[in-house]
Amino acid sequence: MTWIIIIVVAALIIGPVMYVLPSAKDKRLMALRAAAREAGLEVKLSYIAKLDAVADERVTSGGVAKLPSLPCVAYRLAHQIPALQNIAEHQLLRIPTAPTLRYSEVFSQWATIKTEQIGWWQQAGDFWTRWLKNLPEEVIAVQIDGRYLACYWRESGQVEDGVIEAISTQLRNCHLHFSS
């Protein structure tokens, strides 16, 4: 009987401790985010429009249309580029294999859901075409606004895969392009 009591007490003590220990996934995400911060990037949990949403993600049960979103993480580089100080948020989304929402393709495999932004992206078309091709496949959206250059992704992979280094390099290349 005393062994049962000891086992129950030990389980009551060890259980909560084990619950608060980070899982392997949590450790991987912490390592990715720490590497991003070391590279000078800000990390922000965010959402982007989901272009391949299924029917129940696009309409509520009451028949009201909604814009489905995809949770992701923005790795952002702050900028103070005069040419970009007063622009609104401009976002490009990687076109999924089976899109179900309306979009406007701006570059090969990249689109916007705001048609009024197409001209802005196309002004520096050659630069964006090259820049987007050099992004890692894991990047599912990019955004530029008056304060940040950002790449959105789902944080797949490991630090050793080089994705963070590639994102950081591409954001800095974009920063250099607009600063000059």
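Me: Which residues do ring pairs link into a cluster here?
Reply: In this predicted model, ring pairs link W120, W121, F127, W128, W131 and F178 into a cluster, where rings of Phe, Tyr and Trp (its six-membered ring) pair if their centres lie within 6.5 Å, and planes under 30 degrees apart count as stacked, over 60 as edge-to-face and the rest as tilted. Residues are numbered from 1 along each chain as its sequence is written, local features need pLDDT of at least 70 and side-chain atom pairs count only at pLDDT 80 or more, while totals for chains, interfaces and linings use all residues. Side-chain values use heavy atoms, with hydrogens and water left out.

Me: How many aromatic pairs does that rule give?
Reply: The count comes to ten aromatic pairs. One of them joins W120 and W121 edge-to-face, at 5.0 Å centre to centre with 85° between the planes.

Me: And W121 with W128, what are the distance and angle?
Reply: W121 and W128 also form an edge-to-face pair, at 4.8 Å centre to centre and 70° between the planes.

Me: Are those two buried or exposed?
Reply: Both W121 and W128 are buried, meaning under 20% relative accessible area, whereas exposed is over 50% and partly exposed is in between (1.4 Å probe, protein chains only).

Me: New topic: where does E155 lie?
Reply: E155 lies in the loop between β7 (148-153) and α6 (163-179), helices (H or I, at least four residues) and strands (E, at least two) being DSSP runs numbered from the N terminus. E155 is buried, with a relative accessible area of 3%.

Me: What is its phi?
Reply: Phi of E155 is near 55°, a positive value in a residue other than glycine.
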